Every structure is written in structure tokens, then in C-alpha cells.
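This report concerns the strand pairing and helix packing of the structure shown below.

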Amino acid sequence: MKVFRSVSIAMALLLVLVTATGALAQRKLALWWTVEYSAEEKAALEAIVNDFQKETGIKVEWSGYSSTDLWAKVMAGIEAGNPPDVSQVLSHSLVLLADRGLLADVSDLIEKYKGDMIPAGVEASYLLNSKTGKRSYYCIPWGLYTLTINYWTTDIKKAGYDKLPTDWQGFWGAFEKAQTVTGIPATGWSLSDRAEFDVSWPVEQFIMAFGGQLIRDGKLDVGAENRKAVIEALKFHTKWYLENKAPKGVTEWGDPDNNMNLQTHKMSITLNATLSIPRWFYDKERDKYFNETASANYPQPGPLGKPYPVLTNIYPMIIPANAPNPKEAKAFADFFMQKKNYDKYIQGLEARFFPMYKSTFDNPYFANPKDPHIFPSRQHFFGPAAPVNWMLHPGYAKFVIGHGWHKMVSRVAVDKWSPERAADEALESLKRAVERY
Amino acid sequence: MGSARKREGWGRDAWKSYLFVLPFLALFLSFIVYPLLSEVYYSFTRYEIGLSPRFVGLKNFVGLAHDSDYRQSVINTLIYVGVGVNVKLVLSLFVAMFFNRDFRGRSLVQALFLLPWAAATISSLLSFRWMLDTDFGVLNALLPMLGFQKIQWLGQYSTAMGIILMYHIWKYLPFWTLIFLSGLKGIPPDVYEAAKVDGAAPLQLLRWITLPMIKGLYIVCTLISVIWTMGDFITVYLLTGGGPGQSTNVLATIAYRFAFRFGEFDNASACFVFLFPVMIVLILLVVRKLEASTYA
């Protein structure tokens, strides 16, 4: 009996020892990722995580969040000294984190892959760190996106158009005309604080179209030309609502509401930062994807009769400077960006984001001219393109994070301020936001 | 003799007493005192994510005083607390008086009345939001049938603030009604009977018996409700997200914005430290009132 007990204890101790040693030897990393719109996103992430684990033996403990929740969680994690090893953040918060020196420099990885990367995306990742006073690469831009234009071709046909006009006035005029025929509101984008980029991005894009460029050479320019562009952009952004050419609820819309309203045909056209609307049609009503809806390229020339750049943005992968497992984090980022793994992942997302690699853009999946959505949206990256302003200045990013543009469109649309007054208020706020940098 | 025995007993068993109190004391210091003192300290520093706190005196408070969004959130908090608490408690008292009478089916009505309080907060908030949706909401589906135009309930300041208040009252009215009901049940029936014998009318019963006897409870409830309502985050966050145009923020949501959108823990702390003097006075009043009613 005594012997049996001794052997049992010895074996138990051995088991504990082996387990403990194994646990110590097990390399691992914590991955926080955005999983918010589709099952495909989750499946694509799980696939790349599994491949990585198999190849490296590094265990990945991953958690999925919505993009806004993730942003707050990353902030809290970094501050509490318990950050993830690898994560995503929205691009405006990326700029603030880089500026405060909270992200690991990943120049080595960018140098390795940038030969095949879209230059605008690489440029957007070259960020200022106010602690060092220098710019460097503080993220791996893995996804590229643009404000896509999704519309019902059936409405345009009912208005008597075979093809959508490609000049600014003709383009938007076609949807106004369609409304008079169909009775369906022409367009709609959010004017509410419950949305994020769905408000700021169209304002920024319209400022560009009206000849504005608020950040030039890293500095804020609030001169007369830009003031005029901001006024016109605010007018254009809100006129659809004010002239009853948008669903009434735009003043309350969150990010998914323009999706829902276009999908249920409560309006004819909308702007959306990803191709999530067409993807919904592809999954649920494929006939409509191919035969009743389409995505458009931006109408050129712009309202001033001149071409204007289409704004592009990146979806970044970050490694916090205080990540507990930086080596494993870099190994994951490296694995993720290797062409064979990357292509599988990005296609798994089903074009919710566009690829960072030029060569991936040439895949038939992204380069099929018969696809009514992916192909026209793809063209945004190959015409005149520019990064969104908030990637160019941390103060500007702060203005956008603080819903600076949300406030101004609400002032014009809801509080009935003149666009001039709202533009002046916006420029004053912008001046205050950038002055500390 | 008695006090000497007490002192002797206390001295002998003191370590045991401390031992029993120790877990609570540790939790109290860790989760109440330390965060509170930290918050006060951070409000006087520049403390952004990734930066070590650096003393800046009153700079954050001056900055907040010049921030129009913050000023608006203070006004909204005052409206939310002032209107929300008072309307809710007055209504609660009357509903409690209603339930304090005998009538057929009282238990059923009481149970139904309690439902909003029992319902999960997030799902009830989302239901409110959907019912009030301008394009798809049930309320706006009914309005045109009655000859009215659709209203953007959450898309304009006045109606959005109204809805926030309405939700708060709807949600918490049952809870305070229960509290008042238990208070009313504590009033001896013979007091009313004696007054009735003397010819007191119902309004006189309310004025001279019910209100004086429930006064202490009402004050404590008001103070507690003010403290709870001041810190309410989820109602505004889920109903309006602080919009339209950042106009319906309250202190809790604006502090969240500072902390988790900008990473400015200094301003987030200062938002609440601004209110500490008011809160501390309120809490002291609650404590004093409770002590008075306990030991009177």
C-alpha cells in the first residue's frame, strides 16, 4: 500500500513537471481581430491561424470583436500593460497610437514586402512618432479600401439611362431623375454619431472633389480655397437629406443602416467603405448582384470640371510596443503577409477589403471585368488616388475621432446652420486640434 | 464596570475583529479608495495613453470649461438628473399609493408593472431604438395613419433628449415604486383611521399623514437616484451614441469618449472630478439621513 502511494505521488509529480515544462516551452501569441460582418471573415481568419500554428508550432489565442469595440479594448490593453501581441485598429486610432510611440516599428517587414505593395498603402503606413520626432512604418497595411459606390441599375434604367453618366453633374443628376420616376429616395449616407467612417469619409471625398486639400505637406491649410471646398462639400453631403432625396432616418443611421436601406431598396445609391453591400447580394440574392445592382467608379471630372483623387485607406495590423511576445507577433505578421497565405486570406474575405499586393490585384477574382462590383471598385486604386487626410496628421485624426465632421453635417442638416457657418466652425476646430502637434 | 468589560473584551478579541474585516477592507481599498484617489490625481496631470502622468495643475479643468461638447454634456446631465429623477420619483410615489389600495387583480397589475425593471437593459434599449427608428419603427408607421408626419425621434436634440428621459423613467419607475410601496406599508393603518374619524379628506390624509411619514424615505431615494443617474452610461450610449452632432452626451459618455476614443485619461478623470464636490455632499446627506433614521 505504502509503495503504491509513493509511486502514485511520484507519478503525479512527474506529470505536473512535464505539463509545466510543456507550458513553459509552448510559444504563443494573443491575436485580437475584427470579426463583424460575415461568417467568411471568421472562417478566413481561422484558416490562416491554423496554418500558422501548424507551420510554426506557435499557439495563437485569438479573439474577435467589432472594429469599434476592438479599438477601445486595444487602448485599454496597451494602457493596462496587457495588450495583444497582434491586433487591428481603425486607421485614425492607428495614427494616434503611432504618434504616442505605442507601436512597434515594423520597417523590416515592410521593406521585405513593399516591392509588391500598392504605393498609396505603403505611404499611409509611414507614420509620425512624436516621441522620437521621426516617421517610420508602425503598421503592416494588409487591407486596402475605398469608398465604394453601390447602386440599383434598375432605377437608372427606369429613368431612361442605358449607362450611368460619368461626369459629376450627369452622374448625380441621374439618381435625382430616377427618384422622380420611381419615388424611391435617390441616395443616403449617415448623418449620425452612431456611424464612424460612413460620415467622415464622404465629407472628405467631397472636399477633394470640390478642389480642397486640407493637409498639405503635413500641415493644415485653412485658406480660402479650402474653406470654399468645405462649404461646398457640406452642402453636397447634406443636400440630399434637406431636399427630401434621402431616407428620413439618415440622421440616426449607424454603420450598417446604409447597407440595410440599399439592400431593401429604400434608396437607389449609397457610398460604403467596403463591398459589404454587394457581398450581401452575392450571398442572398445572386441574381440581383449580377443583374440589378452595380458599383460605379467615381464620376470624373469633378464638379469643378477637373479630375480629383479618390481617397483610399488602409486596414492595418499592429504590434503594440509593449506586446508580451514580440518575436512571435512578428513571425505571425510575416506569415500573414507571405503571398500564398495572404492571397488565401484576402480572397476568403470575399472582397470586403482589397489587397495590398499589386500581384493579387491581378488575380482573376479581382480583375474580372464582368464582375459588376469588384472590378469597378478596383479601378479606384488605379486612377488618381490619395490617402485619407486623417492618415496624414495626428491632430486631424483626433478631429475625425472626435466626430468633427459628424457634428458639422448635423449642424447643417438638423440644426439648420448655414454651410458657411459650419465650415468656419469646422476649420476653427481643426486649427485647435492640430495646434498641439 | 460595563465599559471596562467592553474595553477588556475589545482588547482581547481585537485581532479577530480585524481579521474578519480585513477582506472587506482590502477590497474597499483596492476597488474604491485607490481608483478614486487615482482619478483625482490624474485629473491634475497630463495623462494620455502611453504617457506617464505629469502634474499640470488645473489645466484639464480649464480645458474642459472651454470645450463646448463638455459644457453641453454638463447641461444634459443636469437635465437628465433634474428632470429624470424628479419626474420618476413623484410618479413612483403616486403609483405606489395606487398599489397600496385593495382592488381586484392588484397582484397581476403589479407584476406587469414591474416588467420594464426586470427586462434586460440592453435588449430593452435596442427595442426602444427599433421602435423609434424613423424609417422602419412602429411609431412612425402609426403616425401617418393618424394624419401626422414621421418624426426623427433620435435624430434631433429635443426629441432625442426626451426619449432618453422617457426610457429612464419607464425603466426605473417600477423599482422606486416598490421602495415607496414598502414605505407606505410601514405606515400604521390606525393613523389613517383616526384621521378619517376626525373628518380628514383624502388630500388632507396625503398632506398631513402620508407625506410627512414617508419624507425621510423620499429624501434618501432622491439622493440615491441622483447618484445612480449621474453615472448612467448605457442609456445614452446605446440610444443615441451621444448624437446628433454630439449634442446628447452626458458626463459618463463624454468621459468614455475621452478615455477610449482619444486615450486621454486626464480629461476623462477631470470630467467626473468636476462633479465630486456635488457627489460627496449628496452622499454625506444620504449617510446622515440614514443614520438619523436608524438611531432616532
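In this predicted model, strand β7 (residues 148-152) of chain A pairs with β11(A) in the antiparallel sense, over four bridges. Within this pairing, A:Tyr151 stands opposite A:Ala294 in β11(A).

The two strands belong to an open sheet of three strands in chain A, with the order β10-β7-β11 and antiparallel pairing. Strands β10 (269-272) and β11 (293-296) of chain A stand at the edges and have a single partner strand each, so one side of each is left without a neighbour in the sheet. From one strand to the next, the twist averages 25°. Helix α12 (residues 276-284) of chain A lies across β7, β10 and β11 of chain A and runs at about 155° to β11(A).

A further antiparallel pairing joins β4 (residues 126-129) and β5 (residues 134-137) of chain A over four bridges. A:Tyr126 has A:Tyr137 in β5(A) as its bridge partner. The hairpin of β4(A) and β5(A) has four residues between the strands, and A:Gly133 takes a positive phi near 75° there.

| Strand pair | Bridges | Facing residues |
|---|---|---|
| β7(A) and β11(A) | four bridges | A:Tyr151 and A:Ala294 |
| β4(A) and β5(A) | four bridges | A:Tyr126 and A:Tyr137 |

Turning to helix packing, the axes of α10 (residues 224-242) and α20 (residues 404-413), both of chain A, come within 9 Å and cross at roughly 50°. That angle makes α10(A) oblique to α20(A), and the crossing is right-handed. In α10(A), A:Leu234, A:His237, A:Thr238, A:Tyr241 and A:Leu242 meet A:Met408, A:Val409, A:Val412 and A:Ala413 of α20(A). By class, this contact of α10(A) with α20(A) has seven nonpolar, two polar and no charged residues.

Notes:
Residues numbered from 1 in each chain as written. Chains lettered and ligands numbered in written order. Predicted model: local features only at pLDDT ≥ 70, side-chain atom pairs only at ≥ 80, totals over all residues. Axes fitted to C-alpha atoms, helices over the stretch in contact; angles between N-to-C directions. Parallel < 35°, antiparallel > 145°, perpendicular 65-115°, else oblique. Left-handed = near helix turned anticlockwise from the far one by under 90°. Contact = placed C-beta atoms within 7 Å. Nonpolar A, V, L, I, M, F, W, Y, C, P; charged D, E, K, R; others polar. Pairing = 2+ DSSP bridges.
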